[in-house]
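Student: I've got a structure I'd like to go through with you. Can we take it one question at a time?

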Number of protein chains: 2
Amino acid sequence: MLTATPFSYEVQCSRCPLRTCEVFQPATDDELASISTLKAGELRTGPASTVLQEGIPSDQLFTLLEGWAFRYKSLDDGRRQITSFALPGDFLGIQGSMQGEMDHSVETLTPAVLCSFPRKRVWELFQKAPSLAFDITWLSARHESMLNEHLLSLGRRNAVECAAYYLLHLYLRADDVGLVTEGKVRFPFTQDHLADALGLSLVHTNKTLKRLSERGLVQWEHGWCFIPDVAALADIAKFDLEQPRTRPLL
Amino acid sequence: MLTATPFSYEVQCSRCPLRTCEVFQPATDDELASISTLKAGELRTGPASTVLQEGIPSDQLFTLLEGWAFRYKSLDDGRRQITSFALPGDFLGIQGSMQGEMDHSVETLTPAVLCSFPRKRVWELFQKAPSLAFDITWLSARHESMLNEHLLSLGRRNAVECAAYYLLHLYLRADDVGLVTEGKVRFPFTQDHLADALGLSLVHTNKTLKRLSERGLVQWEHGWCFIPDVAALADIAKFDLEQPRTRPLL
DNA sequence: CGCTCAGTTGAAGCATTTCAATTCTTGTGG
DNA sequence: CCACAAGAATTGAAATGCTTCAACTGAGCG
């Protein structure tokens, strides 16, 4: 059941506040014009809203403008795996728009604002705006890299390494889009969500987080997360900090 | 170190023997002409050859024409995670061609034949052959779906479910490209490879496979794998057999 | 025949899960 | 401002699944 409710009005993509983040590559006027043409509207949702659902063909693609969301798959008996978190600037629903139906669901963690594109116009985009088509493929490739790294975590890192990796990953991504202030982020997920992302039980996730904070690698205060020494955490996590971070925004 | 050695000669993509497999969508004459133009040559390798390497920018993209390969990532201490196996028709190296350098390595399991495209012409393809650009993006999306499912396996399936899932996954993909004869496939990997794909130890992988064959779900004879009751295995694995299987071939 | 690599096995140890309470937070109504 | 409810976090203990260690067996090959 889709719990999101649509809300649309005129928007100018060229004035999209997200574009002021320096992680996003500047777009040409032509590209901005194409993006504006394709944009169908905006969607504003509350927290815990299902934006896209596994098994359902989606008519829409989204760019998340504001808020947090997560992608997940479930087994019949209720076991859930969160495959990735989505932050502002992330593209949602490409997989479903290519293959006909979604292979995973997407749910918001916070109130969110999404920019929507009709699925039917994706082909038009490939014909008329090759640079944007390229950007979409680029974003897919980046997402694939994140999934590969996540797979390495679940398969070969132990609980401490895995949690260290994932927290740092989210911290850096949050920083990219300006969500880190004075070294602190407000992570909007519960330990339950984190457990489902790490492939661990809730209890063990809790104990693992405790170990990280006892070692002084991660500090928590009133729901804010602070990482005093990024390099030290990266070391434990076997995290490669040298990855390029700039990317296109659609 | 790249251990593959190049071998090139004229080829006509329209006569590519792989195209006779019905899983591959027919290409138009225009598309075939574009593919032929982009094709730089063929690469023939032995088994255990490194085709692409993590951290290295790749000048080439490949379509695997013959043989098996696998994609993997490693940690410094030698732990390895196989993220996927590649079968004939699979595209290799898109991620690296988009992001500049490979985030994973690719190694062959058998002697292999690969068709190569220069990375520099990918942009040309997006401009001149939008339908092929779309196909590339489509294949990326399909690959993303496989990674999502794999993530669900590593995070939330137990060893038996995970192995059942993965064997069935490989069996069906092999069947798609004509590698299954009388219900049997020759899997070219060792239990070591399988362990690294499932995120399990070698010993536990062995015991898990034994359990599956004791239950009669999978039969092994002289390196050939036979699945007597696909539906029964799918049931254990929580595998959705209703997925569409046809796809483009570049 | 003997080497090597892959597969197999049992036993001990450890990591992670499960179960079952508690405690802490936050928001709400009195 | 306090009391209370509901969700989230925390904790200890017992049970389980998986890993590690250390042999041993079997198949293919020169």
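Student: Which helices each supply at least two residues of the surface near DNA strand C?
Tutor: Keep in mind that this is a predicted model. Both protein chains take part here: chain B brings helix 6 (191–198) and helix 7 (202–214). From chain A comes helix 7 (202–214).

Student: And which helix has the largest share of the surface near DNA strand C?
Tutor: Start with the whole set: 16 residues surround DNA strand C, with A:Ala159, A:Val203, A:His204, B:Thr190 and B:Gln191 the closest. By class they split into five nonpolar, eight polar and three charged residues. The largest share is five residues, and it comes from helix 7 of chain B.

Student: Now DNA strand D: which helix gives the largest share of the surface there?
Tutor: Helix 6 (191–198) and helix 7 of chain A, along with helix 7 of chain B, each put in at least two residues. The largest share amounts to six residues, and its source is helix 7 of chain A.

Student: Which residues come nearest to DNA strand D?
Tutor: There are 15 residues around DNA strand D. By class that surface has six nonpolar, six polar and three charged residues. The nearest are drawn from both chains: A:Thr190 and A:Gln191, then B:Ser201, B:Val203 and B:His204.

Student: Let's turn to the protein–protein side. Which helix of chain B gives the most to the side that touches chain A?
Tutor: In total, 39 residues of chain B are in contact with 39 residues of chain A. On chain B, strand 6 (80–86), helix 2 (94–99), helix 3 (122–128) and helix 4 (130–156) each supply at least two residues of that side. With 20 residues, the one that gives the most is helix 4.

Student: Why call chain A as compact as a globular protein of its length?
Tutor: Chain A has eight helices and twelve strands. The globule rule gives 18 Å for 250 residues, and chain A is close to that, so it counts as being as compact as a globular protein of that length. The radius of gyration of chain A itself is 18 Å.

Student: What share of chain A counts as buried?
Tutor: For scale, the C-alpha trace of chain A spans about 55 × 40 × 30 Å along its principal axes. Among its contacts between residues at least 6 apart in sequence, 75% join residues at least 24 apart. Of the 250 residues, the buried share is 45%.

Technical notes
Residues are numbered from 1 along each chain as its sequence is written. Chains are lettered from A and ligands numbered from 1 in the order in which they are written. This is a predicted model: local features need pLDDT of at least 70, side-chain atom pairs count only at pLDDT 80 or more; totals for chains, interfaces and linings use all residues. Two residues are in contact if their C-beta atoms, placed from the backbone, lie within 7 Å. Helices (H or I, at least four residues) and strands (E, at least two) are DSSP runs, numbered from the N terminus. A residue is near a molecule or strand if its C-beta atom, placed from the backbone, lies within 6 Å of it. Ala, Val, Leu, Ile, Met, Phe, Trp, Tyr, Cys and Pro count as nonpolar, Asp, Glu, Lys and Arg as charged, and the others, Gly among them, as polar. The radius of gyration is taken over C-alpha atoms; the globule rule is 2.2 Å times the number of residues to the power 0.38. A residue is buried if 20 or more other C-beta atoms lie within 10 Å of its own, exposed if 12 or fewer, and partly exposed in between; C-beta atoms are placed from the backbone.
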